[in-house]
Amino acid sequence: MMKANTRLFGKIDIADDKIIKFKEGIIGFPGLQNFTLIHDEEKEGQGSIKWLQSMDDPAFAMPVINPLDILTDYMPNASEEGLESLGHMPIESTFILVTITVPKDIQKMSVNLKAPFIINMDNLHGVQIIIEDDYPVKYMIYDILNKKKAGEQTC
């Protein structure tokens, strides 16, 4: 069990089997290697925002979302060497998240489709990679999330 006194969620206890290990850290933060996902279980579902909470730095948490909730045909191409630290990973064990940026003008909320987090759910090893595909760093999502919240079909 790991304990953290987080900036956003207060004191939390996280079971060891809920810790995601990023051996190389994440882009811009190589020293942060242990994370957990925090989400509101009552609001869990399609389009739900989660938090990737660092267990190494309690003040560090970033909002993330499953990119398939935003763009149903999102399929990044990752090099084998970029994923080798994840070990054997069948497609059904692959979990992808992208970061959300929320500026002062919330209508300009976006996700970064260029640098996804890829997690092997079998062993909880993760990497953040920059993909070569032609996905944008800023993909606007405000209208998409509002339509999902209202129950409308998107994409």
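Predicted model: local features only at pLDDT ≥ 70, side-chain atom pairs only at ≥ 80, totals over all residues.
Residues are numbered from 1 along each chain as its sequence is written, and side-chain values use heavy atoms, with hydrogens and water left out.

Strand S3 (residues 20-21) and S4 run antiparallel and are joined by 2 bridges; strands here are DSSP runs of E with at least two residues, helices are runs of H or I with at least four, both numbered from the N terminus, and two strands pair if DSSP finds at least two bridges between them. S4 is also joined, by 4 bridges and again antiparallel, to strand S5 (residues 50-54), where Trp51 is the bridge partner of Ile38. Because 4 of the 5 residues of S4 (residues 34-38) are buried, the strand is largely enclosed by the rest of the structure; buried means under 20% relative accessible area, exposed over 50%, and partly exposed in between, with a 1.4 Å probe and protein chains only.

Let me turn to S9 (117-120). S7 and S9 run antiparallel with 4 bridges, and Phe95 has Ile119 as its bridge partner in S9. On the other pairing, 4 bridges join S9 to S10, also antiparallel, and Ile119 stands opposite Gly126 in S10. In a regular strand the side chains alternate between the two faces of the sheet. In S9, Phe117 and Ile119 point one way and Ile118 and Asn120 the other, and all are buried.

S9 and S10 form a hairpin with 4 residues between them. Most residues other than glycine have a negative phi. Leu124, in the turn, has a positive phi of about 60°, and at 14% relative accessibility Leu124 counts as buried.

His125 lies in S10 (residues 125-128) and, at 23% relative accessibility, counts as partly exposed. What is the separation of the C-alpha atoms of His125 and Lys21, 104 residues apart along the chain? They are separated by 4.9 Å. Leaving aside neighbours within four places in sequence, His125 is in contact (heavy atoms within 4.5 Å) with residues including Ile20, Lys21, Lys23 and Ile118.

Finally, the second largest pocket has a volume of about 360 Å³. A pocket is an open set of points on a 1 Å grid over the protein atoms alone, where a 1.4 Å probe fits, with protein on both sides within 12 Å along at least five of seven lines, and lining residues have an atom within 4 Å of a point; the volume is the space filled by probe spheres set on the points, which are joined across faces, edges and corners. Of its 14 lining residues, Met75, Pro76, Ile91, Thr94 and Ile96 are the closest to its centre, and S7 gives the most to the lining, with 3 residues.
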